[in-house]
Amino acid sequence: MFGIKLLLILLLLILLTISGTLVFIKGFLLSRSVIETKSQCSPEFALRAEDHSHHGVEGCWMHGRFKRAIIVIIDALKYEFMAFNSSLQQNDVTHYKNKLPSIHQLLKRKPLNSRLYKFIADPPTTTMQRLKGLTTGSLPTFVDAGANFHSYAITEDNLIDQMLRQDKKVKFFGDDTWLSLFPGKFSKSFDFPSFDVKDLHTVDNGILTHIYPEMRQSNWDVIIAHFLGVDHCGHKYGPNHSAMAEKLTQMDAVIRNITEMMRDDTVLFVMGDHGMTKTGDHGGDSADELEAGLFIYSPAQITHTPQKEDENVAVAQTDFVPTLALLMGLPIPFSNLGMVIPELFGHCPWWDTGSNEIRRVYHRVKALRLNAQQISTYLATYQQIASDLPVPQLRSLQQQINKAESDVQNLITAMIKDGATDDALHKFIALEEAYKSYIREARETCEGVWAKFDLKLIVTGLLTVAVGVSQSCYFFVAWSNSDDSFPTLAKFLIGGSALHLFYLTLHMLFFPETVPPLMAVILALVLIFVSVVGIKNSPLINNIEMRRYLTIDNIISSLILIMNCCLFFSNSFIVYENAVTMFFMQTLIVVVFLKIIFKNFSVQRKEALKPDIGRQMRKSKAANYDLLHVITQPSTAAFIVIIICCIVLRIASSFYSCREEQHSCEDSTFILPLSSLDERTRNQRYLFSVFCIAAMVTAVRYWLKHYGNMNGMGAGVTAAYYGPPLAALFIVFHWALQALPQSVLDSFPRWQQVLMAQIVYAIIIVCLIVILSSPVLVYLLPTRTDFQIPYQAHFKHIVPTLYNQLKVQLSESEGGSSDANKAPVVYGLGSVYSSSVVLLVSVVSLLLALMLGDGIAPSLLLATVLLYLFLELYSVSVNSQELDSVNEGPTWSGIVMLSLLSTIFFFATGHQATIPSIRFEAAYTGFYGDFNTLLLPGFLIWLNTFSGPIIFNLAWPLLIFWPLLSSALMKMMVKRTFQQKQNEGSWKGDFRLYDNATLLRKHLFRVCCGMIGIASVKLLAAGCAAALHRRHLMVWKIFAPRFIYEAAFFTTSSACAILAFLFVLRVDSALSAFIRKLPTKKQS
Amino acid sequence: MRSSKRYILTLSLASFLASLLIGLLIYLLIKNEGPFSITSNPVNGVKICITAGCVHCLLNFILFYVYAPNSLESGFRIVNIAKCCCLLVLACFTFHVIAICFGAPLIKSATETLHFAILLTVLVCLPFCLFFGPSIENWFEVFIDKSSHVGLETVVYFTSLSALLGSWLGAIPIPLDWDQPWQEWPISCVVGAVGGYSVGLLLSAVYLPRKYSTLHKSKFF
């Protein structure tokens, strides 16, 4: 029951931090208010301007130039792909340049009918965000970026709605994201799933079989086709791959066919929704990702001046919205912030603009004026609803448009009176500029404001997280080891935080946003104050005991933790966080080495003080120069282990991936998928991965055997014996299958493609269930008189086993043998806790290896090796002479290092704290096609992203158990007193903790508190940094993603910590059941 | 052994002077724009620092030899010298490996890393080897036990630790986006190490007379 109580406290701590984070996020990542008003066909301002309403196609605000439109969206079509560089040779090595020659030919042959633009997207460059921008013309906010998996129907006014309101029939082909954005809006749709990024052809071929026949019919006004192949090809192979050339050539044919089939009343837009980086990814805001391309063509003339040869004009992506709307005679969507592309409105076939420049300019001004009026209406409406736009800027904008408006009226009146003059032309050109600058400034104002923060919520959230931090610190230090019941202060704090949580929930759910959560703030401050007082008065700080905790490693690891928190406040340190954490960890390892040396030295001094041993030592001083003597010194052994540890840690950095901000950084080759490598490196890497996973499984097996946990036929032992190797075998098969070229793989039925991975899942789930149901890996020797050679015993371990049995028999024969007073022989009891945790970690790490894929999986081997070496070093450093290490318990520095290691292995599994570096393809290991829920793929992606932290956070109970094992390596590194050497016979391993159940739980609780405390203090720092830098240029690119990752990291590590806590409790209860069943031991 | 008052005073003054000189050297290395500028030619700069360190060691040794020749523990035995050389080479190799482990590029600037390792060896290990010989017991005495002796032990203790700390701190500005030429590896670390060494000298110059007066209950001046 004690354990359950502790568990509840831990859950309360986690809940505090998580709820604080949620409140913070609510205040920090705000979205823009959505206005659902639709633009009307005949508003006042449009009527006043329409003086030539009887030419051309009927239109709403302006006469339409075209009756029909074809919109071809090629996902991730960069400007670079569209622009034709005639200086390049035909068979140039790059696979993506000059692969769309039909655009170039049209620009050459019909310069007045076609335009090519650089099409600048707004970040974030994810497809759904871009589609929202391309149809509503409004700006995105950070919050929506996460919703790429879960599209919501657009409720804002948009192009599709306006088309429907003017009775246009829209046919849609391609990416099914559109259908979730516009459910039920298309007259006919052929949609295909978009989530499977490995699939290059399904969507495109599906579109191509339907689009031409549908185009030939006449029952449409607008056709939208969204091709995904180029984007998927980028994700899978990167832009410079022969598959990209094929894909682009296919797209070229599409463009040619469509342009040939078009009639005079149709306009074609070919565009990319975003670009792609050099590695083929997107999501961020680098120039490569933002620069998509836009190509406009119509068989009828659309512009009056041809585009110059190497002129590359850039237009914003939102500009497409008003342009298409006015070209088709539709109202501009209500919340649009884009600007019409003026060149496209200079030509009017019904008004003889070819010869008359003033008419051309006037036509452009008319379009711009409607656009400006629409934005002005929008801003006024928005201000009424949300009132977050700055009033002075709004007023100056209003003045600008009023002035322009009166100028237009005056000018037209003057022209009617005096006719067209040169002066009028200049005035029109000035007016055009005035409208353009108005639209531009309005957009900038909105951009500046829509990263709007709610400071009340931000402060409340941060304070709540701080409460979580201070309480976990309190529970870490405030409890002296001798004490069994909770101090009164602890009860007060628990009650207070429960109240705080209750009030916070009440406030968030029922109170309106404008009420400041004063009560919560005050409560949080009180709680923090009380826990700080509690920490100051705790027995640990006040007693002489304090000195024992002020060791070099504890002090320096605290310093490093503080530095690690400060890191979040600087964008350059966040960018290079992988290198910085590595630096910190190496420092801590060296500090541990220093501590070991100090310790060994102090033992040496003490021995030297004893007269008889001192003489011996002085004698051996002569032998000091003997090389062998030097090498067998414990400190030398520790030095060698330390160097190995440092080197292994450094090797882990070869699995780093790059952020785009890291200049002169090259992605690790392990990140590329196996199928994209050439044959020789492919084989090498595959064999390497196979070797690594085999080594991982074998090492754990060897360790378990060494401690005698692999004997007998118990359920747990059987799972440990057969589970991991089988799982590893099928993982290897799965990788081999994935290495096949896509075309070969496609020839298998789908269930065969995923069979191997699903077998692995099955094995691992069965293993986990068995481990949970019988977690104790011990073997009770049947009481028989003859020698028993245990099953599956390694040859090396037979001799000690036999020896033990012999000893038992001898003692039997001495004491007049009878079964009753014989001590039961149990194998593996000395490592009963550690072996279970090790087995759990190794099974989970196999699951993670499957998730990570063949490239990154070797880094898990490094993680395992490092965990082992770290635990050994840690055991040496906590192994003390005076005190029984059972009582002392785990040290602070060990917990800090474990959390640092988990951060390092977040990076060393090929991740970075940015949105585009999430490996979405992990959702497809073992599954195929679309998912009904987002839960499963989300879970798989989470496993992939946080695989490093998961391993290290599941392994934390080993900090308690490992020092008790006193392994051979540890004995080599430690200088022991003679007394200790004599005590060795009574080795009990971590079974010692079984005798003191309360102490075990307390140790577990303290370490868990430490883990949660460290994770939440880092989260607090990341949150403070994001709040402090909320107006920083890099906030959405660096600080906010880092905070989001830190929050996810906290959730991961606390969840794993709690799971491990529960697991150890389960082992403990199973162990007591086992002990109870033992034949009662009679003391002889 | 009781050190003489004059010895302590001279040592303190010499350390103070050396500290100023080394500080000046760092300033010149950073500020000048000729062939010895550390930013344009790091290897040359490091070589100058190494020479300065060696010279300082030698001068200290002479001082030591003049004032307290008896306390030279093991004398000039060939075995000891050979062992010292081995130790120094080993130390240099270890520093190189550790620098790489801490994040220095493996191949790209190997020469620079090696020079940095040599510099650290000269600043951290050479003084100790020169004065106290290749003995682990002495090492413990100087660095962990902090023996009650004052004298060169104190200087060596301060300079070694602060040189190490300085080079550790020198790595901090490397990731920052200030676009300064001295942010290149290993320039800031070299400057940190030598700067730390000079600070250590300054500290020992202040610490020596104070410690001496508290130990022997006698006042200077």
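**View 1. Phe172(A) stands opposite Ser189(A) of strand β4(A) in this predicted model.** Strand β4 of chain A, which spans residues 188-192, is joined to β3(A) by 5 bridges, and these two strands run parallel. Strand β3(A) covers residues 170-175 and is mostly covered, since 6 of its 6 residues are buried. Another 5 bridges join β3(A) to strand β5 of chain A, residues 222-227, and this pair also runs parallel. Within β5(A), the bridge partner of Phe172(A) is Ile224(A).

**View 2. The open sheet of chain A contains 8 strands with mixed pairing.** The strands follow one another in the order β4-β3-β5-β1-β6-β7-β2-β8. Strands β4 and β8 of chain A, the latter made up of residues 314-316, stand at the edges with a single partner strand each, so one side of each is left without a neighbour in the sheet. Direction ignored, neighbouring strands of this sheet are turned against each other by 20° on average. Strands of a sheet pair through backbone hydrogen bonds, which may be parallel or antiparallel in arrangement.

View 3. In β8(A), Val315(A) is the bridge partner of Phe119(A). Helix α4 of chain A, residues 101-109, lies across β2 and β7 of chain A, the latter being residues 291-297, and the helix runs at about 130° to β2(A).

**View 4. Helices α17(A) and α18(A) pack at an angle of about 165°.** Helix α17 of chain A spans residues 455-477 and helix α18 of chain A spans residues 488-510, with their axes 12 Å apart. Because angles over 145 degrees count as roughly antiparallel, α17(A) is roughly antiparallel to α18(A). The crossing in which α17(A) passes α18(A) is left-handed. On the side of α17(A) the contact is made by Thr464(A), Val467(A), Gln471(A) and Tyr474(A), while α18(A) contributes Leu493(A), Ser497(A), His500(A) and Leu504(A). The residues of this contact divide into 4 nonpolar, 4 polar and no charged.

**View 5. Chain A as a whole comes to 43 helices and 10 strands.** Of its 1084 residues, 48% count as buried. Among the contacts in chain A with a separation of 6 or more, residues 24 or more positions apart account for 79%.

Terms used: Residues numbered from 1 in each chain as written. Chains lettered and ligands numbered in written order. Predicted model: local features only at pLDDT ≥ 70, side-chain atom pairs only at ≥ 80, totals over all residues. Axes fitted to C-alpha atoms, helices over the stretch in contact; angles between N-to-C directions. Helix = DSSP H or I, 4+ residues; strand = E, 2+ residues; numbered from the N terminus. Parallel < 35°, antiparallel > 145°, perpendicular 65-115°, else oblique. Left-handed = near helix turned anticlockwise from the far one by under 90°. Contact = placed C-beta atoms within 7 Å. Nonpolar A, V, L, I, M, F, W, Y, C, P; charged D, E, K, R; others polar. Buried ≥ 20, exposed ≤ 12 C-beta atoms within 10 Å, placed from the backbone. Pairing = 2+ DSSP bridges.
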